[in-house]
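Biologist: I have a new model open and want a quick tour. Can you walk me through the main features?

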Amino acid sequence: MENTTNLSLPKEKLERDPVKTVILASMMGTAIEFFDFYAYGTASAAYFPSVFFPQTTPLLATLLSLLTFGVAFVARPFGSFLFGHFGDRLGRKKTLVVSLLVMGVATVSIGFIPGYGSIGVWGALLLCLCRFVQGIGLGGEWSGAVLVATENAPEDKRALYGAFPEVGAPIGFFICNGLFFVLENILTPAQMQSFGWRIPFWASAVLVFIGLYVRRRLQETPLFKLAQERDNTTRSPLREVFKSNWKEIIKGTFLMGATYAMFFTLTTWSLSYATMALGFSHSEFLLLLMGAIVEFAVLIMATSVLADKIGRKKVLMTASVLLVVFSLVFPFFLEGKHNMVGMLLFLGVGFVIMGTLYGPVGAVLPELFPTKVRYSGAGITYNLAAVVGAAVAPTITTWLIAQYGLHSAGLYMFVLALVSVVAWALTPETKDVDYTK
């Protein structure tokens, strides 16, 4: 039977993992997660149209390829239901190990799928299946990683600790795109089309092995152990979170939705558009992205420290308002063939806003929920935001440009950014919540 009595325990019982272990365990998982996602995003923009959809027109092939990119986002809420249930019942550590294993197996498998020339449409179907399984694993990954970080954090440093898994995003991005950059400068275009694009998917097996090793060394988080000692866990976390915290789920989804739309506009869509319409070579644009991603990592850490000092809401509301403006003006940066100055403005300004939005959210979403449903609540919210903001963002943006021209590219992100500002206006500051309850 469920018991939510708030008992007090001696402070010394909150034994935390060493900071280095927490950083590595939370950061490695999300680095692998984003390595896998960037590998897919890069391949879906640059190689999948001709490998899996050569029978269609170039525009339709690109649209279909980007739609397979969205399959994992549809699967992610199901993953958050599954892993959130066990994460809130059995603990964070065991669930994180399993989610990483599921995600890793699916990612490596993508590298072995034959193209259209070998098995016809079955290649695309297998691609979608692996992408769906990958999304299931990803659905439990982020929320578990941020809980390992924030539930080991001192009260006044939760946003900073929550930034450790967030920094995994630029690390995964940098490693993945660095690998693509090297491969594209070693192999010929024909070799990249034939087998080179598969190498990053195979290489992810090494990262998964390292991640599993680090995570098996973790202890259970002190706040989950505290909840177990208080008998403050629940047998039905999904039922409980939808019954008691549905408002937080809705608000959190729209707080985060625009961030996702921006992220995949800056990465997946921009890579496709820059190489197909603006005259940038694939390796040239990857180099620009890798430079911008360093800026992204710095902003994640800096704004998370700021959020611990002045509050999450001030930082994130400001960034959301800036995103409203950016979504209307960024198409003007992309006018003209091979416009290097405009592209640097697009990536430079975009990743400043993106880092500010993405850093503190590692603390905010878990802070919306009590310990007994925190894994479920944070995971469901984060992954519903992915569906709203990212599942179809590259495809919609490509379609808008095809129908209405370049200046319509930011409309989808603009709508989500406005909704995000409203959601922040309705959300109280979470910095000082009692995180032990």
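Modeller: Accessible areas here come from the Shrake-Rupley method with a 1.4 Å probe, and for residues only the protein chains shown count as cover. On that basis the protein exposes about 16500 Å². Carbon and sulfur atoms supply 70% of that area.

Biologist: What should I know about the source?

Modeller: This is a predicted model, so local features need pLDDT of at least 70 and side-chain atom pairs count only at pLDDT 80 or more, while totals for chains, interfaces and linings use all residues. Residues are numbered from 1 along each chain as its sequence is written, and side-chain values use heavy atoms, with hydrogens and water left out.

Biologist: How many helices and strands in the secondary structure?

Modeller: There are 19 helices and zero strands. Those are DSSP runs, numbered from the N terminus: helices are H or I with at least four residues, strands are E with at least two.

Biologist: What percentage of the residues count as buried?

Modeller: 60% of the 437 residues. Buried means under 20% relative accessible area, exposed means over 50%, and partly exposed lies in between (1.4 Å probe, protein chains only).

Biologist: And contacts along the sequence?

Modeller: A contact means heavy atoms within 4.5 Å. Among contacts between residues at least 6 apart in sequence, 87% join residues at least 24 apart.

Biologist: Switching to salt bridges. How many is the count?

Modeller: Nine. The rule is a side-chain nitrogen of Lys or Arg within 4 Å of a carboxyl oxygen of Asp or Glu. Side chains of opposite charge can pair when their charged atoms come close.

Biologist: Where does Glu-141 pair up?

Modeller: With Arg-215, at 2.4 Å, N to O. This pair links distant parts of the chain: Glu-141 is in helix 6 (residues 122-150) and Arg-215 in helix 9 (residues 199-216), 74 residues apart. Both residues are buried.

Biologist: Is Asp-432 buried or exposed?

Modeller: Asp-432 counts as exposed because its relative accessible area is 67%. Its salt-bridge partner is Lys-431, at 3.7 Å. Lys-431 is partly exposed, at 23%.

Biologist: Which residues do shared partners join into a network?

Modeller: Asp-88, Arg-92, Glu-151 and Arg-374. Within it, Arg-92 and Asp-88 meet at 3.0 Å, N to O. Arg-92 counts as buried because its relative accessibility is 0%. Asp-88 is also buried, at 0%.

Biologist: Now His-282. Which side chain does it join in a polar contact?

Modeller: Glu-184, at 2.3 Å. A polar contact is a pair of N or O atoms within 3.5 Å; within protein, one must be able to donate a hydrogen and the other to accept it, and residues adjacent in sequence count only if both atoms are side-chain atoms. His-282 lies in helix 13 (residues 282-310) and is buried, at 14%. Leaving out residues up to four places away in sequence, His-282 touches several residues, among them Thr-42, Tyr-47 and Leu-271.

Biologist: Last one. Which residues form the nonpolar patch on the surface?

Modeller: Trp-246, Ile-250, Phe-254, Val-415 and Val-419, with about 420 Å² of accessible area together. Patch residues have over 30% relative accessible area and no salt bridge; like charges are joined within 9 Å, nonpolar side chains (Val, Leu, Ile, Met, Phe, Trp, Tyr) within 5 Å. Helix 12 (246-276) and helix 19 (411-425) each supply at least two residues. Helix 12 gives the largest share, three. Trp-246 is found in helix 12 and is partly exposed, at 42%.
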